[in-house]
Amino acid sequence: MWSIFLIAIIIFIGTLIFWQYRARYRFADEWPTMQPVYPIVGNAPAMMGRTVIERFELMRDVCISAERILKVWAGPKLLLVTSHPDLIQQILNSSVCLEKPYLYRFAGFEQGLFTAKYHVWKGARKRINPSFNLRIIHGFVPIFAKCAQKMVDRLNECADGATINIHKYTALCTLEMACGTTMGIDVLQSDGKEEFEHGLDEAFNGAAIRMTTVYLYPDIIYKLTRYYKELKKARKIVCDFFIKLIIERQHYLQQNNSNSNTNDDDKDAVEDCYKPKILVDQLLTSSVDGKMFNQEQIIDNVYAVITGAVDTTGLLTAHACLFLAFYPEIQDRLFAEINEHFPSTCDELEITHEKLKQLTYTEMFLNEVQRLWTVVPAIARQNISEIEIDGIKVPPGNTFGLSLYALHRRRDIWGPDAERFDPENFTEERVKNRHPFAFLPFSGGSRICLGWRYASFSTKTVMVQLIKNFRFYTKIKQEDIRFKHDLTLKLPFEHLVQITKRNSVLN
């Protein structure tokens, strides 16, 4: 008797939950759904048993097939996927779609700009913005140049014609740039740098694993796995390293302030608050209204900026080196442009922001690399209030998946040869006639990547040094290129290139 009553209660509660769940997502009935789809687990079984390469290709095909909006079910959670420029523009420009959804929580460091919830991001962004204004970025160019030269020196230690993994060198170079411009230090001169580099890589990879594995979403399950223990250990290494450097910088600022305060009046002190500072100085000092970042906010924002720079700019320049090897004629044209502004007769390259701005074909080339091999292939947003999409009112709390990879390959935007590598896609005339949200390597709207100018100048600086000093070849065939499912667009193998030293050829 009691067992029948208990079963009836379970059935009743289950039915009630189902109908509540059904009512929550009824608004999306008119949109097509990724197939096959199953109750509770959604589309998750389609990913099971696949390699990381097959996972990427499945999601790539799904996103490309989404003409407007496509429903994808990550277990019981709904994801509204699109690659249409009109919809992406509407979502990224909407004041009600500034929230980062649950997926970003898995990356950790939730007080940082990359993963922060809207109410945290809004105040932090306003205060951190001055550290990335154009004048500050121009001032970083000598640091970029110094780090790029050190990379060239390391490459010159390789035998002429050697086969190397170029990503190993570009990643180290961008790590040096990021630490130099964010923390004001040379990371290679700091104790614990090897553990820090390894911890940084493990922390980022650990977050990627959880984001792309649905059964690891619930905390109760995730904390029982080895992935949780490995990620926790890696993040502790990174945090300990940052804390040590932050304390050192804090002492330096306190000492400088005590010396300068003897001569500064109140007006000068207030004006000093408005002067642009490198990121760590901006985080360690109070704003005009007296607000301070706490230690968690400082660490999380430093982590967000450094990981963002290393895992995107380092990857982009490595991708670019493969395209140089794929297209020798483009490589020759780039060398000619760079040699025009940085002649071979110069013993030392004087790289300035003015000269970097004149490298128009180099910029076209890098844009085309980012178009075809979009370093951040997808982003997501959540609406905090109701928004109308294609005549359908979407209630608050829903997640939009924006496929930048598919956007950058749409034939209705880029033509029938959208898969072909062509820097001419970025001539002034073609750009002018294209949809304003057709090309989004750094996202768009109010939550556009804060470091997009930083990335532009740092990447150009690295490419000047690489192309000026080396010629690139590879045995990798472009038609054999495949990618793996990750937070960023990564190859399942190393970026192997052969380098020939141009100075040895000239001699």
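This is a predicted model: local features need pLDDT of at least 70, side-chain atom pairs count only at pLDDT 80 or more; totals for chains, interfaces and linings use all residues.
View 1. β9 spans residues 496-501. In total, 4 bridges join β8 to β9. The two strands run antiparallel.

**View 2. Three strands form an open sheet.** The strand order is β3-β9-β8. Pairing in the sheet is antiparallel. β3 (163-165) and β8 (470-473) stand at the edges. Each edge strand has a single partner, so one of its sides is left without a neighbour in the sheet. Neighbouring strands are turned against each other by 45° on average, direction ignored. Strands of a sheet pair through backbone hydrogen bonds.

**View 3. Helices α12 and α19 contact β8 and β9.** Helix α12 covers residues 295-326. α12 lies across both strands and runs at about 75° to β8. Helix α19, residues 452-469, packs on the sheet. The direction of α19 makes about 85° with that of β8.

**View 4. The largest nonpolar core has 149 residues.** Which residues have the most contacts inside this core? They are F242, I306, F365 and F472. Helix α12 gives the largest share of the core, 18 residues. In soluble globular proteins, nonpolar side chains tend to be buried together.

**View 5. F242 and the residues it touches.** Leaving out residues up to four places away in sequence, F242 touches M183, F196, I299, V302, Y303 and I306. I306, like F242, is among the residues with the most contacts inside the largest core.

**View 6. Another core lies apart from the largest one.**

Notes: Residues are numbered from 1 along each chain as its sequence is written. Side-chain values use heavy atoms; hydrogens and water are left out. Two strands pair if DSSP finds at least two bridges between them. Axes are lines fitted to C-alpha atoms, for helices over the stretch in contact, and angles run from 0 to 180 degrees between N-to-C directions. Contact means heavy atoms within 4.5 Å. A nonpolar core is a set of buried Ala, Val, Leu, Ile, Met, Phe, Trp, Tyr and Cys residues joined through side-chain atoms within 4.5 Å. Buried means under 20% relative accessible area, exposed over 50%, partly exposed in between (1.4 Å probe, protein chains only).
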